[in-house]
Amino acid sequence: MKSIDHIGIAVNNLGEAIEIYKNILGFEYLGEETVEDQGVKIAKFDCNGVHLEFLEPISDNSPIKKFLEAKGDGIHHIAYKCDNIEQTIESLKEKGVKMINEKPKQGSNNTLIAFLHPKSSIILTELVQGG
């Protein structure tokens, strides 16, 4: 893993997050995207090369909806850049890391992603290749 790609923050109200981070705090707004496969609408901001990714659920079976129901708005995951996600997954599995995704999936902005189980990484951790 090379560096932090983004910090994922679950929110019930994406419009409110955009208002706060764009218009009040002045972060660079990078736009919105819907990722149907993950059941979320995302708003992205740049913070000196690290992205803040606000996630609002768009369906009742979204993992973000379940997170919000259990914990409320807050940090959901931290994502790290990697050059070869498949190799990184295999290396982590060899070290005993439990993966939620043993094969990469399509993420936002033409990336490949995979999640480590939080029991293996303290906080939900995402691997990101590309973008």
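**Exercise 1. Determine in which loop Asn110 is found, and whether Asn110 is buried or exposed.**

Step 1. Asn110 is found in the loop between strand S6 (105-106) and S7. Helices (H or I, at least four residues) and strands (E, at least two) are DSSP runs, numbered from the N terminus. The model is predicted: local features need pLDDT of at least 70, side-chain atom pairs count only at pLDDT 80 or more, and totals for chains, interfaces and linings use all residues. Residues are numbered from 1 along each chain as its sequence is written, and side-chain values use heavy atoms, with hydrogens and water left out.

Step 2. Asn110 counts as exposed because its relative accessibility is 69%. The classes are buried (under 20% relative accessible area), exposed (over 50%) and partly exposed (in between), with a 1.4 Å probe and protein chains only.

Step 3. Most residues other than glycine have a negative phi. Asn110, although not a glycine, has a positive phi of about 60 degrees.

Step 4. Thr111 also lies in the loop between S6 and S7. Thr111 is buried, since its relative accessible area is 7%. Leaving out residues up to four places away in sequence, Thr111 touches Lys105, Gln106, Val128, Gln129, Gly130 and Gly131; contact means heavy atoms within 4.5 Å.

**Exercise 2. State where Asn48 is placed and what its phi is.**

Step 1. Asn48 has its place in the loop between S3 and S4.

Step 2. The phi of Asn48 is near 55 degrees, a positive value in a residue other than glycine.

Step 3. With 79% relative accessibility, Asn48 counts as exposed.

Step 4. Asn48 and Met99 are 51 residues apart along the chain, and their C-alpha atoms are separated by 30 Å.

**Exercise 3. Identify the buried residues of helix H2 and the strands against which they pack.**

Step 1. In helix H2 (residues 63-71), the buried residues are Ile64, Phe67 and Leu68. They lie on the same side of H2 because they cover an arc of only 95 degrees around the axis, where the arc is that of the directions from the helix axis to the C-beta atoms.

Step 2. Glu69 and Ala70 are exposed on the other side of H2.

Step 3. Strand S1 (4-10), strand S3 (40-47), strand S4 (50-57) and strand S5 (74-81) are the elements against which the buried residues of H2 pack.

Step 4. At the N-terminal end, Ser62 caps H2, with a side-chain oxygen 3.1 Å from the backbone nitrogen of Ile64. Just after H2, Gly72 takes a positive phi of about 80 degrees.

Conventions:
Polar contact = N/O pair within 3.5 Å; in protein donor to acceptor, adjacent residues only side chain to side chain.
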